[in-house]
Amino acid sequence: MEGACPRCGGTGFVPRGGGSVDLCECRFEQENINKILGIPRRFWEAELDNYQYENPSEENAYKEAFVFASSFDPSEGKGLTFVGTPGVGKTHLAVGILKKIYRDKGIKGRFFDTKDLIYKLKALINEGKTSKAIKRILSYPLIVLDDLGSERLSEWQREIISYIISHRYNNLRSTIITTNFSLTGDEKEEKKIRKTAPDIELPRSLMVERLGPGTVSRIFQMTKVLYIKGRDRRRL
Ligand SMILES: Nc1ncnc2c1ncn2[C@@H]1O[C@H](COP(=O)(O)OP(=O)(O)OP(=O)(O)O)[C@@H](O)[C@H]1O
Ligand SMILES: [Mg+2]
Ligand SMILES: [Zn+2]
């Protein structure tokens with residue numbers, strides 16, 4: 001396995017003699033990297049290395065993720081959007097990219113559950129801590145906006161998302177998005193751009209309705225949109 005720990009070979013245990021084992025230090029490094037990048041506990045084991053693809057759209061998504069992470073240049077402002085049904089590994093890939101970029105290049109990105117982020121920013125705004133705190137959150141060289149547009153948004157929520165996207169867009173900052181929804185809602189247009197998974201069945205978009213055409217247009221310009229079709233890995 002690429003990058004496996006030299007002390008334990010990736011098992012997490014080192015023999016202590018007498019048949020007993022110690023936990024390897026890399027376990028702590030593992031915990032560290034996840035905490036540093038803000039990764040939720042459920043995804044602490046997710047890596048690009050342990051993403052398994054079983055069809056062309058998954059393979060394509062993996063390869064694009066790998067190339068993106070390997071060639072990441074924070075000054076370019078490039079990003080990715082993973083679109084697909086639940087359980088195909090969108091969040092797994094986004095987490096894997098964040099970790100690879102941190103390990104290989106020392107660039108510290110940040111994972112955000114989009115809904116959490118919206119509420120966090122709202123709280124800051126309510127406390128009157130507007131620009132500085134918000135800009136600090138939004139100035140990471142790379143952020144993941146997980147589960148964007150997963151539910152109906154109120155006006156203020158939509159405004160905050162629009163602010164986040166515009167800020168990232170204007171400042172050439174990289175963003176990785178995951179979502180269950182098609183982006184345009186226009187079935188014909190959508191099919192044309194879904195090269196890898198043309199027959200994927202996504203909930204009819206609402207992304208344009210939810211986020212507004214300006215935000216969706218920026219997302220198209222600042223990220224490469226990848227459609228993933230596959231089985232739900234949460235069901236065995
Ligand atoms: N291709 C894969 N290889 C290995 N593990 C996978 C793969 N796809 C998903 N998983 C695992 O399955 C679980 C569900 O994946 P994940 O949460 O990334 O799906 P998702 O596409 O983000 O779903 P949702 O749209 O519901 O957020 C996770 O534990 C993830 O690590
Ligand atoms: Mg997800
Ligand atoms: Zn180890």
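Predicted model: local features only at pLDDT ≥ 70, side-chain atom pairs only at ≥ 80, totals over all residues.
Student: Which element gives the most residues to the largest nonpolar core?

Tutor: This core has 47 residues, and those with the most contacts inside it include Ala94, Ile97, Leu98 and Val144. The leading contribution to the core is six residues, and the element that supplies them is α3.

Student: Which residues does Val144 contact, leaving aside its neighbours within four places in sequence?

Tutor: Val144 is among the residues with the most contacts inside the largest nonpolar core. With those sequence neighbours set aside, the residues in contact with Val144 are Ala94, Leu98, Phe111, Phe112 and Ile176.

Student: Is Asp147 buried or exposed?

Tutor: Asp147 lies in the loop between β5 and α6, and has a positive phi of about 60 degrees although it is not a glycine. Most residues other than glycine have a negative phi. Because 20 other C-beta atoms lie within 10 Å, and 20 or more is the criterion, Asp147 is buried.

Student: How many other C-beta atoms lie within 10 Å of Leu172?

Tutor: Leu172 is located in the loop between α6 and β6, and its phi is positive, near 50 degrees. Leu172 is partly exposed, and the number of other C-beta atoms within 10 Å is 13.

Key
Residues numbered from 1 in each chain as written. Chains lettered and ligands numbered in written order. Core = buried A, V, L, I, M, F, W, Y, C linked by C-beta atoms within 7 Å. Buried ≥ 20, exposed ≤ 12 C-beta atoms within 10 Å, placed from the backbone. Helix = DSSP H or I, 4+ residues; strand = E, 2+ residues; numbered from the N terminus. Contact = placed C-beta atoms within 7 Å.
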